[in-house]
Amino acid sequence: MTMTFSTDKRFDLIAVGRACIDLNATEYNRPMEETMTFSKYVGGSPANIAIGSSKLGLKTGFIGKVSDDQHGRFIQSYMEKVGVDTSQMVKDTEGHKSGLTFTEIKSPKECSILMYRTDVADLNLRPEDVSEGYIAQAKILLISGTALAKSPSREAVFQAVDYAKRQNVPIAFELDYRPYTWQSEEETSVYYKWAAEQSTIVIGTRDEYNILENSEGNSDEQTAEALLSSRAELVIIKHGVDGSIAFEEDGTITHAKAYPSNVLKTFGAGDSYASAFLYALLNGNSVREALQFGGASAAIVVSKHSSSEAMPTVEEIKALLAQHEQSV
Ligand SMILES: Nc1ncnc2c1ncn2[C@@H]1O[C@H](COP(=O)(O)OP(=O)(O)O)[C@@H](O)[C@H]1O
Ligand SMILES: O=C(O)C[C@@H](O)[C@H](O)C(=O)COP(=O)(O)O
């Protein structure tokens, strides 16, 4: 299937949630304890998705809160530079700081992230920071699971979802599970189920759906069936190097392989995948083509050092897909 979206909107995609700082180890194959140097990038899953979408040519906006300091200014100016509208990005006036994520590259397959997220600015986004008029201008509202971890950001997302539903703006939910700011998996499950029930498109890894279900026993088919019986029309379940699967409302199931890549690190795959997948859907491509776009984008980003800065252009993705077609 192809999904249809409004044609008379100012923005293709508006993302709500965290825009933070990634500090990526510049020393490879080394544990964090021994890593002395890092490079700074904008990070945070919804910010990465907005940046990736903008680089692909989508008209993109962002709703979030950053610190009123050098880091907040860096985040805002970088996002503006790549074309993301930051008119709804507010500065924290209570001294909360933007979150930091340190990445560790022990080997191309053994990567981890270490997040400093105590009382961060993004989780202090308030319902009154969210504008219904702004959300009304989007073809898709993207929400990310981590923004539901704490109040008042949780209520700000409730508000954004309520506005999107009132304005008939479809919601895409990236599960984006980061254990750091949640109290327990049970708590996460409550909010993830709620968000999934409001969403037209749900994207997550198998592990993230296990958190949503508070159970490890379900198959992909069972997970998709449960979600598709509420508002969801499209459920994407990602399986790392084993690719991803799309389940549609009409029963169509589409499998997509991951593309071979000269992997430097594993993080950044999910966000680049989501931005390219949504780009392709918004441009009228089929679900199969969107899966291919997402997979190709992820294959490019895992071969590079960052998540946000490494987001590819349409030409780079098409070149990878063409190369792959020739080699099969
Ligand atoms: N090592 C890899 N090489 C090539 N593609 C990858 C690799 N890891 C992930 N991908 C691609 O990125 C997609 C999302 O990755 P996944 O690891 O499932 O999500 P997340 O990064 O959110 O945990 C996969 O479906 C696959 O297409
Ligand atoms: O989401 C974060 O706050 C950290 C990201 O910025 C970081 O680049 C990362 O881990 C991305 O990984 P992904 O979710 O697998 O795309």
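Predicted model: local features only at pLDDT ≥ 70, side-chain atom pairs only at ≥ 80, totals over all residues.
Student: How far is Lys165 from Ile135, C-alpha to C-alpha?

Tutor: Their C-alpha atoms are separated by 9.9 Å. Along the chain, Lys165 and Ile135 are 30 residues apart.

Student: What about Asp162, where is its place?

Tutor: Asp162 is in helix α4. With a relative accessible area of 38%, Asp162 is partly exposed.

Student: New topic. How many salt bridges does the count come to?

Tutor: The count comes to 14 salt bridges.

Student: Give me one. What does Asp129 meet in a salt bridge?

Tutor: The side chain of Lys65, with a distance of 3.4 Å from N to O. Asp129 sits in the loop between β7 (110–116) and α3 (132–135), while Lys65 is in strand β4 (residues 60–66). So the pair ties together parts that are 64 residues apart in sequence.

Student: And are Asp129 and Lys65 buried or exposed?

Tutor: Asp129 is buried, and Lys65 is buried too.

Student: Which residue forms a salt bridge with Arg154?

Tutor: Glu187 does. The closest N and O atoms of Glu187 and Arg154 are 3.0 Å apart. This pair links distant parts of the chain, 33 residues apart. Glu187 belongs to helix α5 (residues 185–198), and Arg154 to helix α4 (residues 153–166).

Student: Why does Glu187 count as buried?

Tutor: Because its relative accessible area is 18%, and buried means under 20%. Arg154 is buried as well, at 9%.

Student: Which residue does Asp176 form a salt bridge with?

Tutor: With Arg178. The closest N and O atoms of Asp176 and Arg178 are 3.4 Å apart. Salt bridges with shared partners join Arg18, Asp176 and Arg178.

Student: Where does Asp176 lie?

Tutor: In the loop between β9 and α5. Its backbone deserves a look. The phi of Asp176 is near 45 degrees, a positive value in a residue other than glycine.

Student: What is the phi of Asn168?

Tutor: About 55 degrees. It is positive although Asn168 is not a glycine. Asn168 lies in the loop between α4 and β9. Asn168 is exposed, with a relative accessible area of 66%.

Student: Back to the backbone. Is the peptide bond from Ser151 to Pro152 cis or trans?

Tutor: That bond is cis, with omega near 5 degrees. Pro152 is in the loop between β8 and α4.

Student: You mentioned β8. How many residues of strand β8 are buried?

Tutor: 7 of the 7 residues of β8 (residues 138–144) are buried, so the strand is largely enclosed by the rest of the structure.

Student: How many bridges join β1 to β8?

Tutor: 5 bridges join strand β1 (residues 11–16) to β8, and the two run parallel. For instance, Val16 has Ile143 in β8 as its bridge partner.

Student: And how many bridges join β8 to β9?

Tutor: 4 bridges join β8 to strand β9 (residues 171–174), and these two also run parallel. Ile143 turns up again, with Phe173 in β9 as its bridge partner.

Student: Which way do side chains point in a strand?

Tutor: In a regular strand, they alternate between the two faces of the sheet.

Student: Last topic, the surface. Which residues form the negative patch?

Tutor: Glu185, Glu186, Asp207 and Glu216 form that negative surface patch.

Student: Take Glu216. Where is it found?

Tutor: Glu216 is in the loop between α6 (206–213) and α7 (220–228).

Student: Why does Glu216 count as exposed?

Tutor: Because its relative accessibility is 72%, and exposed means over 50%.

How values were computed:
Residues numbered from 1 in each chain as written. Chains lettered and ligands numbered in written order. Heavy atoms only, no water. Patch = residues over 30% accessible without salt bridge, like charges linked within 9 Å, V, L, I, M, F, W, Y side chains within 5 Å. Areas by Shrake-Rupley, 256 points an atom, 1.4 Å probe, with all protein chains shown as cover. Salt bridge = Lys/Arg side-chain N within 4 Å of Asp/Glu carboxyl O. Lys, Arg positive; Asp, Glu negative; His and termini not counted. Charge placed at Lys NZ, Arg CZ, Asp CG, Glu CD. Buried < 20%, exposed > 50% of the residue type's maximum accessible area, 1.4 Å probe, protein only. Pairing = 2+ DSSP bridges.
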